[in-house]
Amino acid sequence: MYSRTVTCKIDTSMIDEFRAALNHEFLPRIQAQPGFVDNIESLDSATGEFCCTTLWKSESDVKNYDSGLFQEIAVNLAPLMIEGPSVKTLPVENSSAHRVASGKAA
């Protein structure tokens, strides 16, 4: 299993638009991607700090998402951001919710 973490800063005057686009337009499409396992989103409305971690079955699933749908999402949400997305992908080391033992996910 692989985690993909995206961080960015949203214009606080655009938080409602960001939430609407992400949750209604893009999240259902992300969840339908091959290999998608789970997502966790965090957003501080006061500062605009956003962090999203998605979990994927394989490294190739992450690469397919990154080179496909993510590019569309990044372009569409860019006007709502003060700081563009920073992306990091790593093998999952542990997950109690997904019953992944130390170092056994990848």
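In which strand does Ile 10 lie? Ile 10 lies in strand β1; helices (H or I, at least four residues) and strands (E, at least two) are DSSP runs, numbered from the N terminus. This report describes a predicted model, in which local features need pLDDT of at least 70 and side-chain atom pairs count only at pLDDT 80 or more, whereas totals for chains, interfaces and linings use all residues. Residues are numbered from 1 along each chain as its sequence is written, and side-chain values use heavy atoms, with hydrogens and water left out.

With a relative accessible area of 0%, Ile 10 is buried. Here buried means under 20% relative accessible area, exposed means over 50%, and partly exposed lies in between (1.4 Å probe, protein chains only). Leaving aside neighbours within four places in sequence, Ile 10 is in contact with Ile 15, Phe 18, Leu 43, Thr 47, Gly 48, Phe 50, Leu 80, Met 81 and Ile 82; contact means heavy atoms within 4.5 Å. From C-alpha to C-alpha, Ile 10 and Pro 85 are 9.8 Å apart in space, although they are 75 residues apart in sequence.

Ile 10 also belongs to the largest nonpolar core, which has 23 residues. A nonpolar core is a set of buried Ala, Val, Leu, Ile, Met, Phe, Trp, Tyr and Cys residues joined through side-chain atoms within 4.5 Å. The members that touch the most other members are Ile 10, Phe 18, Ile 30, Phe 50, Tyr 65, Ile 73 and Leu 77. At least two residues of this core come from each of β1, α1, β3, α2 and α3, and α1 supplies the largest share, six residues.

Ile 30 has its place in helix α1 and counts as buried at 6% relative accessibility. Not counting residues up to four places away in sequence, Ile 30 touches Phe 36, Trp 56, Tyr 65, Leu 69 and Ile 73. The C-alpha atoms of Ile 30 and Phe 70 are 8.4 Å apart, with 40 residues as their separation in sequence.

## Strand pairing

Two strands pair if DSSP finds at least two bridges between them. Strands β1 and β3 run antiparallel and are joined by eight bridges; the partner of Cys 8 in β3 is Phe 50. Strands β2 and β3 also run antiparallel, with seven bridges. In that pairing Glu 41 has Cys 52 as its partner in β3, and Phe 36 has Trp 56. A hairpin is formed by β2 and β3, with five residues between them; Gly 48 in its turn has a positive phi of about 85°.

## Aromatic pairs

Rings of Phe, Tyr and Trp (its six-membered ring) pair if their centres lie within 6.5 Å; planes under 30 degrees apart count as stacked, over 60 as edge-to-face and the rest as tilted. By this rule the model has four aromatic pairs.

Phe 36 in strand β2 (residues 36–43) and Trp 56 in strand β3 are 20 residues apart, and their pair links distant parts of the chain. Both Phe 36 and Trp 56 are buried, as are both Tyr 65 and Phe 70. These four residues, Phe 36, Trp 56, Tyr 65 and Phe 70, form one aromatic cluster. The charged end of Arg 4 sits over the ring of Phe 70, 4.1 Å from the ring centre; the criterion is NZ of Lys or CZ of Arg within 6 Å of the ring centre and within 35 degrees of the ring normal.

In helix α2 (residues 59–67), the buried residues are Asp 61, Val 62 and Tyr 65. Seen down the helix axis, they fall within an arc of 100° and so line one face of α2; the arc is that of the directions from the helix axis to the C-beta atoms. Lys 63, Asn 64 and Ser 67 are exposed on the other side of α2. The buried residues of α2 pack against β1 (2–10), α1 (15–31), β3 (49–56), α3 (69–77) and β4 (81–91).

Helix α3 has Leu 69, Phe 70, Ile 73, Ala 74 and Leu 77 as its buried residues. These cover an arc of only 135° around the axis, which puts them on the same side of α3. They pack against β1, α1, α2 and β4.
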